[in-house]
Amino acid sequence: MDRISASEPSPPRSASSIGTVAVIGLGTMGTGIAEVLALSGRTVVGIDVSDAAALRAGAALEAATARAVERGRITEADRRAALGRFRTARELSAAADADLVIEVVPEDYDLKHEVFTALDAVVRPTAILATGTNALSVTRLAADSARPERVLGLHFFNPAPAMKLVEIVSSVLTAPDAVGAVTELAHELGKEPVAVGDRPGFVADGLLFGYLNQAAAMYEARYATREDIDAAMRLGCGLPMGPLALLDLIGIDTARTVLEAMYAASHDRLHAPAPVLGQLTAAGLTGRKAGRGFYTYEGPGSATVVPDADTPHPGGDRSAVREVRSVGVAGSGTMASGIAEVFAKAGYPVVLAARTLPKAEAARARVEKSLARSVEKGRLTAAERDTALALVTPAGSLDALAEVDLAVEAVAEDLEVKRQLFATLDKICKPGAVLATTTSSLPVVACARATSRPQDVIGMHFFNPAPAMKLVEVVRTVLTADDVHATVRAVCARVRKHAVDCGDRAGFIVNALLFPYLNNAVKMVEEHYASLDEIDAAMKLGGGYPMGPFELLDVVGLDVSLAIEKVLHREFREPGLAPAPLLEHLVAAGCLGRKTGRGFREYAKA
């Protein structure tokens with residue numbers, strides 16, 4: 001076939017005209033992309049200078065397709081056909097007949113520049129050249145090419161066969177027909193393409209890596225253990241992996257490269273790589289691939305974590321504990337009734353105290369309704385429901401908490417209200433009673449100082465809905481007694497909650513990591529970089545998040561979210577934590593999310 005000269009206009013292309021694809025770089029990502037393409041009916045040429053990498057890619061493809069046959073996803077004939085469409089090569093010249101070239105070599109600009117400039121002498125002028133970078137400038141790579149209008153970003157997520165999201169990144173030079181062809185291809189591959197502009201991190205990684213960086217900094221500061229940070233984000237937010245385990249999976253060196261590129265573009269200190277990332281990288285402790293990163297693994301490439309010097313002792317805190325035979329819950333809202341239900345189901349007698357008896361009885365009725373739903377869903381027997389409900393006693397005064405061993409405050413998130421309540425509990429509760437606050441953002445020590453016994457005060461931050469959410473952040477102040485901390489840990493175990501320890505600073509673990517991520521998503525919309533739907537789709541499909549950031553903001557409440565953002569900004573003084581103006585404007589307009597029928601989206605009235 002005669003080559004089309006570079007001066008002639010490129011004919012329109014579509015996914016149906018992409019029959020042969022060259023994948024340059026046969027690491028984990030390149031191999032996964034090759035698998036997806038071969039199973040879709042494309043001819044795939046895998047190119048790598050390493051014969052060992054090529055052999056591993058072939059073996060991985062054989063194993064993956066064999067598993068697909070075993071699981072009934074493809075037939076044996078499909079498998080043989082896919083394997084027959086895949087071949088490997090060492091030289092870039094093997095890409096000469098490709099309609100699409102996807103580069104997935106390591107995140108090093110000089111290496112990628114070398115690949116793109118070399119491809120100019122190899123591929124047809126009509127070929128589309130795609131980079132799989134998630135950190136480097138697509139525009140800069142396009143400018144390196146003799147045909148910049150054919151260059152774009154095609155960012156798959158790992159593992160490529162399983163993850164639905166593909167970010168399609170256009171530079172100012174990219175031709176629309178090239179974008180259209182790869183978008184159509186992504187749909188044919190069963191993926192969800194999201195079109196984004198060229199900036200480091202794009203959408204999903206742009207939000208994800210800032211969060212990962214903050215988690216690394218939290219660990220480096222010894223604020224919480226690696227296990228507690230990871231458990232907090234899995235159990236408190238429903239994420240598939242904790243941030244430090246995810247950094248080990250991604251590769252700590254790769255994460256640092258992405259963050260360096262993000263910081264160079266944003267100059268936001270939240271993107272400046274935490275020093276621990278550089279230290280681990282310099283030591284060769286780059287995560288799973290090295291056998292050690294934040295965690296230690298059985299060997300290089302293993303996913304199995306093994307104990308090391310930082311692994312917590314299985315016995316935990318061996319301090320003496322105070323006996324807790326009865327519990328008091330102060331409050332009448334959703335959280336108060338949920339916490340009362342948690343304790344009652346664990347066999348504790350619970351006094352549910354509100355400002356008036358009708359409010360307390362309404363809270364108990366909420367417990368009764370929740371227990372009834374559990375019976376309907378087969379989670380409880382009728383007898384267990386009746387036993388739990390009988391343990392909940394409503395009271396119209398805090399005086400009813402005089403004899404409880406543990407008093408849990410669950411009133412409005414207002415520091416002065418909480419301080420007044422703790423001053424009252426100090427007068428009412430018996431000596432030795434543990435006094436706990438469920439605050440999610442306010443200083444626990446301020447509640448403690450409102451009493452004459454600050455050593456007895458601790459934070460027990462339950463998550464909503466308390467009966468369902470497994471996590472409790474146990475927040476000890478500099479004044480909290482060791483036996484109080486040990487007592488609350490023991491109580492958490494009895495009520496079947498996973499306790500994580502953290503110090504008394506704004507946001508504790510979960511909110512300190514979650515809300516900057518949500519705030520950055522709002523800023524991304526303010527900058528017109530991507531739409532609400534694109535960002536929500538990117539985080540659900542690319543990050544495995546149960547909800548997109550704007551779905552979550554509307555559920556939490558924009559006013560609540562703004563209040564937490566302000567607390568975080570006031571405590572840490574980081575410019576990047578300043579609440580996004582769009583969030584402030586929506587709150588000022590009374591658009592608070594689902595509870596008002598309108599937030600970032602509009603909702604039908606109940």
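Tutor: Start with Ser-561, which is found in helix 21 (residues 558-572). Helices (H or I, at least four residues) and strands (E, at least two) are DSSP runs, numbered from the N terminus. This is a predicted model: local features need pLDDT of at least 70, side-chain atom pairs count only at pLDDT 80 or more, while totals for chains, interfaces and linings use all residues. Residues are numbered from 1 along each chain as its sequence is written, and side-chain values use heavy atoms, with hydrogens and water left out.

Student: Is Ser-561 buried or exposed?

Tutor: Buried means under 20% relative accessible area, exposed over 50%, partly exposed in between (1.4 Å probe, protein chains only). Ser-561 has a relative accessible area of 1%, so it is buried.

Student: Which residues is Ser-561 in contact with, leaving aside neighbours within four places in sequence?

Tutor: Contact means heavy atoms within 4.5 Å. On that basis Ser-561 touches Phe-515, Leu-553 and Val-556. For a C-alpha distance, take Pro-579: 18 residues along the chain from Ser-561, with 9.3 Å between the two C-alpha atoms.

Student: Where does Ser-374 lie?

Tutor: Ser-374 is in helix 13 (residues 357-376). Its relative accessible area is 8%, so Ser-374 is buried. Beyond neighbours within four places in sequence, Ser-374 has contacts with Glu-341, Arg-379 and Leu-380.

Student: How many helices and strands does the protein have?

Tutor: The count is 22 helices and 18 strands. The radius of gyration, taken over C-alpha atoms, is judged against the globule rule: 2.2 Å times the number of residues to the power 0.38. Here it is 28 Å, close to the 25 Å that the rule gives for 606 residues, so the protein is as compact as a globular protein of that length. The C-alpha trace spans about 90 × 50 × 50 Å along its principal axes.

Student: What share of the residues is buried?

Tutor: Of the 606 residues, 52% are buried. As for contacts between residues at least 6 apart in sequence, 70% join residues at least 24 apart.

Student: What pLDDT does the protein average?

Tutor: pLDDT is the predictor's confidence in each residue, from 0 to 100. The average is 93, and 97% of the residues score at least 70. Over residues 1-12 the pLDDT is below 50; this stretch has 13 contacts in the model beyond near neighbours in sequence.
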